[in-house]
There are 2 protein chains.
Amino acid sequence: MEEHPADPRMMRLEAQLCFALHAASRALDGVYRRELRDLGLTYPQYLVMLVLWERQPLSVKELGAALRLDSGTLSPLLKRLEAAGLVARGRSTADERSVLVRPTADGAALRARAALVPERILAATGLQAGEIAQLRQVLGRVTATLDAGLPAAAPLG
Amino acid sequence: MEEHPADPRMMRLEAQLCFALHAASRALDGVYRRELRDLGLTYPQYLVMLVLWERQPLSVKELGAALRLDSGTLSPLLKRLEAAGLVARGRSTADERSVLVRPTADGAALRARAALVPERILAATGLQAGEIAQLRQVLGRVTATLDAGLPAAAPLG
DNA sequence: GACAATTTAGTTGTGCACAATGTAGTTTGC
DNA sequence: GCAAACTACATTGTGCACAACTAAATTGTC
């Protein structure tokens, strides 16, 4: 197990970290898929409902800002939620450009049925509370840094 | 610190962690998208090439095991890489069920052009070496636990 | 008031991901 | 030796994600 900081190791490090992130995201997606099947929701749809359960109504733009998604993803997703009878959409009277989204009665009722999901997911990760907080913090920082675009310079040497 | 089924703190914690993981994965994907555009590769295609540059030839099954992907994802992806002239596919003579994949000359040559990608990506994350190793370790453990399926540890009672 | 620039959603096209199913090659049971 | 079971891939269908573009409404400027 000699860890010698040689040149080609960087490729392995990058591949391992980025693959680990990608794979963890897909694995989590799979757990949500099984957990949300009974509710008729996908994970991204569940995220939308989570936001709408907390704050309502929201425009597509506000939802996009909260979930870091653009209209190309949200428009069809919201149409599917509307077709399922879980949300209602309507143009804002104040600004006809905006589409306001809010849960229907069925959509609001789904909140109770989804109440047990969080703890089941957290349990499935097998993480301790401290690890969860730390992981969330690091991932949030990485996302912010990646979104910020170009970093000044690589701190090599 | 009582854990109640519908504890709003737990819902927020789950939402924050899982969303952070999802968002970080997409943010990383975006950085790779910009970084790999010149090479004509997507991030999953880059992952495939990374594996093939190290070990060759590999069957679709072996690639799937390495990347945690099934044939429904890999088959069209490999067809695109083949259409781009970066890999060659052919049935194994030993077992006609297996399809062996290997880089073409162009695919092998791409390795040199991709040599600078890893350090650029690592720099873009803004993480220290220690953080990277720790993050990779935690994510790997989470993925393994999630894939294990059943609720690993039930700390109830 | 007219018109250019901006904002907000929606549409189209490409690609990833997975479930479910189909198909051909291989191995096993008898 | 042959049918059943298994294996490796491919295909189909659904949904997410984003880039690029379009359409409609609003705002700013004159």
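Modeller: Let us begin with Thr143(A), which has a relative accessible area of 10% and sits in helix H7 (residues 129-147) of chain A. Please keep in mind throughout that this is a predicted model.

Biologist: What makes Phe19(A) partly exposed?

Modeller: The relative accessible area of Phe19(A) is 22%, and the class runs between the limit of 20% for buried and that of 50% for exposed, so Phe19(A) is placed in the partly exposed class. Phe19(A) belongs to helix H1 of chain A, and its contacts, again not counting residues up to four places away in sequence, include Glu14(A) and Arg26(A) together with Tyr43(B), Leu47(B) and Ala66(B).

Biologist: How does chain A look as a whole, and what share of its residues is buried?

Modeller: Chain A has 7 helices and 3 strands, which follow one another along the sequence in the pattern α-α-β-α-α-β-β-α-α-α. Of the 157 residues in chain A, 39% are buried, and among contacts between residues at least 6 apart in sequence, 50% join residues at least 24 apart.

Biologist: How do you know that Arg120(A) and Glu35(A) form a salt bridge?

Modeller: The distance from N to O between their side chains is 2.3 Å, and a salt bridge requires such a nitrogen and a carboxyl oxygen to lie within 4 Å, so the pair qualifies. Arg120(A) is in helix H6 (residues 117-125) of chain A and Glu35(A) in helix H1 (residues 9-36) of chain A, so that the pair, 85 residues apart, links distant parts of the chain. Glu35(A) itself is partly exposed, at 21% relative accessible area. Over all chains, the structure holds 14 salt bridges.

Biologist: Why are H2(A) and H5(A) called roughly perpendicular?

Modeller: Helix H2 (residues 43-54) and helix H5 (residues 105-113) of chain A pack at an angle of about 100°, with their axes 10 Å apart, and because angles from 65 to 115 degrees count as roughly perpendicular, that is the term for H2(A) and H5(A). The contact is made by Met49(A), Trp53(A) and Glu54(A) of H2(A) and by Gly107(A), Ala108(A), Leu110(A) and Arg111(A) of H5(A). By class, this contact has 4 nonpolar, 1 polar and 2 charged residues.

Biologist: How many aromatic pairs are there over all chains, and what makes the one between Tyr32(A) and Tyr46(A) tilted?

Modeller: The whole structure has 4 aromatic pairs over all chains. The rings of Tyr32(A) and Tyr46(A) lie 5.6 Å apart, centre to centre, with 40° between the planes; rings pair when their centres are within 6.5 Å, and planes under 30 degrees apart would be stacked while those over 60 would be edge-to-face, so the pair is tilted. Tyr32(A) lies in helix H1 of chain A and Tyr46(A) in helix H2 of chain A, so the pair ties together parts that are 14 residues apart in sequence. Both Tyr32(A) and Tyr46(A) are buried.

Biologist: Which residues make up the cluster linked by ring pairs?

Modeller: Ring pairs link Tyr32(A), Tyr43(A) and Tyr46(A) into that cluster.

Notes:
Residues numbered from 1 in each chain as written. Chains lettered and ligands numbered in written order. Predicted model: local features only at pLDDT ≥ 70, side-chain atom pairs only at ≥ 80, totals over all residues. Heavy atoms only, no water. Helix = DSSP H or I, 4+ residues; strand = E, 2+ residues; numbered from the N terminus. Buried < 20%, exposed > 50% of the residue type's maximum accessible area, 1.4 Å probe, protein only. Axes fitted to C-alpha atoms, helices over the stretch in contact; angles between N-to-C directions. Parallel < 35°, antiparallel > 145°, perpendicular 65-115°, else oblique. Contact = heavy atoms within 4.5 Å. Nonpolar A, V, L, I, M, F, W, Y, C, P; charged D, E, K, R; others polar. Phe/Tyr/Trp six-rings, centres within 6.5 Å; stacked < 30°, edge-to-face > 60°.
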